[in-house]
Amino acid sequence: MAVLGAQARRGIAIFGAHGQLGRVLTRVLACLGPVHALGRADCDVGDEEAVHATVRRLMPGVIVNASAYTAVDRAESERDVAHRINAQAPGFLADAASASNAWLVHYSTDYVFDGCKGAPYEERDPTAPLNVYGDSKRRGEEAVLARPIMAFVLRTAWLYDRESRNFLTTVQRLAATGPLRIVADQYGTPTSVVALAEATSAILRHPDAAGAGGLYHAACMGETSWHGFASAIVEAIGATVEVAPITTAEYPTAARRPTYSVLDCHLLEERFGIVLPSWQRALADVLRVRP
């Protein structure tokens, strides 16, 4: 706790603070120390000089990279942009963290895997992304882990909240207009940004955090398909609309997606005693929240 106290008192710089995850991190991490919430207008993470200048000015003890290019399908035609934000920017932040003796928290994705294992993926499993987005995220985590800094790289999956444009809010909107047709042969674990932000806080507060940097899987417990997730949302909001299962082939997209990308999060539990809630519990918690 003392080590984090010293780091956090210097401030926590959250890059991508106005995004889906960043907004919640800004609120949740405020109890650890002063937070610098940085949006794109404050610093372009893809600009190496801007990143270093911002970190030199703030001199935070903890840097959190919540910025990301997350348009999975569009990344197929915007490869350069995706790689600048997801692959190059994490290296810029890692170098800035090294220069300022700061800790770094970086987020990655289940899409670094090809889905062929047929069982939950562990951190040591080889990566083989099927799309540009997944490849860019893999390169980003590699860039961070290659630097000699105190870094926590957290792979997560299927993020959502009540406000941003994501699967939950899309299903809520479409459920009001007619029947839904949802892919039923891709499996993963829906993870609320609140659950991930709280896990991040718990990692940073852990007494042994200073000696436990590395790669961890951090997703909610359990697994389901997109169809299963949609069905749970529709039931939870009390809609009576039909949710019809379809195959991936019936819903072609620009980017290929893994058919099974469930993450094994046992290492997070072993090192920190942290277990995220089941995806069903997290969904219920999110939908109970009121402004």
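1. In helix 10 (residues 279–288), the buried residues are Trp279, Ala282, Leu283, Val286 and Leu287, where buried means under 20% relative accessible area, exposed over 50% and partly exposed in between, with a 1.4 Å probe and protein chains only. These residues cover an arc of only 130° around the axis, which puts them on the same side of helix 10; the arc is that of the directions from the helix axis to the C-beta atoms. Helices (H or I, at least four residues) and strands (E, at least two) are DSSP runs, numbered from the N terminus.

2. On the basis of the model: this is a predicted structure, in which local features need pLDDT of at least 70 and side-chain atom pairs count only at pLDDT 80 or more, while totals for chains, interfaces and linings use all residues. Residues are numbered from 1 along each chain as its sequence is written, and side-chain values use heavy atoms, with hydrogens and water left out.

3. The buried residues of helix 10 pack against strand 6 (159–160), helix 6, strand 9 (191–192), strand 11 (224–225) and helix 8, contact being heavy atoms within 4.5 Å.

4. Ten aromatic pairs are counted, under the rule that rings of Phe, Tyr and Trp (its six-membered ring) pair if their centres lie within 6.5 Å, with planes under 30 degrees apart counted as stacked, over 60 as edge-to-face and the rest as tilted. One of them is the stacked pair of Phe167 and Phe229, at 5.3 Å centre to centre with 20° between the planes. Because Phe167 lies in helix 6 (residues 167–174) and Phe229 in helix 8 (residues 226–236), this pair ties together parts that are 62 residues apart in sequence.

5. Phe229 is buried, with a relative accessible area of 1%, and Phe229 also forms an edge-to-face pair with Trp279, at 6.1 Å centre to centre and 85° between the planes. Since Phe229 lies in helix 8 and Trp279 in helix 10, the pair ties together parts that are 50 residues apart in sequence. Trp279 is itself buried, at 6% relative accessibility.

6. Which residues form one aromatic cluster? The members are Trp158, Tyr160, Phe167, Trp226, Phe229 and Trp279, so that Trp279 belongs both to this cluster and to the buried residues of helix 10.
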